[in-house]
Amino acid sequence: MPDIITVLSEDTDYKGAEWSLNGLPTNESEFKTYFVIHKLNGKKTPTWVDVQKKLKVMQVEYNAKEYQRKREPEYPSIPDQLDDLYHNGIDGWKATIKVTKDKYPKP
């Protein structure tokens, strides 16, 4: 699940800047207190409002991929899938995978 650290670490506007954050701020005042920029390295200075906007976008993207996170642990391992392909052909493999895809459909 994305948080402020994710935004500051991964968003292209901020990735590469050097900073520290003492705790996870819940409001602008805490952000100004806890967040320290060491070097911008050509990146934009993060503001509470901008970080919150980007966090909302990341959260929407994260939520949209919930089906992927649910599917992944239920798929057979790659060696098992290759064995399925060898013994049952592409149609047999598709049938095996379809069970998980049907259980967790794309939204």
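Let's begin with D11, which counts as buried at 14% relative accessibility. By buried I mean under 20% relative accessible area; exposed is over 50%, and partly exposed is in between, with a 1.4 Å probe and protein chains only. Quick housekeeping: this is a predicted model, where local features need pLDDT of at least 70, side-chain atom pairs count only at pLDDT 80 or more, and totals for chains, interfaces and linings use all residues. Residues are numbered from 1 along each chain as its sequence is written, and side-chain values use heavy atoms, with hydrogens and water left out.

So what does D11 pair with? Its side chain forms a salt bridge with K54, at 3.2 Å, N to O. Salt bridge here means a side-chain nitrogen of Lys or Arg within 4 Å of a carboxyl oxygen of Asp or Glu. D11 sits in the loop between α1 and β1 (18-21), K54 is in helix α3 (residues 48-64), and 43 residues separate them, so this pair links distant parts of the chain. Helices are DSSP runs of H or I, at least four residues, and strands are runs of E, at least two, numbered from the N terminus.

K54 also meets D13 in a salt bridge, at 2.8 Å, N to O. D13 is in the loop between α1 and β1 and K54 in helix α3, so this bridge ties together parts 41 residues apart in sequence. D13 is partly exposed, at 28% relative accessibility. Put together, D11, D13 and K54 are linked in a network of salt bridges.

How many salt bridges does the whole structure have? Another of them joins K32 and E28, at 3.6 Å, N to O. Both residues lie in helix α2 (residues 28-34), four residues apart, about one turn of the helix. K32 is exposed at 62%, while E28 is partly exposed at 37%.

R71 is buried but has no salt bridge, and the nearest side chain of opposite charge, D102, is 7.0 Å away. For charges, Lys and Arg count as positive, Asp and Glu as negative, and His and the chain ends are not counted. So what does R71 touch? Leaving out neighbours within four places in sequence, R71 contacts T100, K101, Y104, P105 and K106, where contact means heavy atoms within 4.5 Å.
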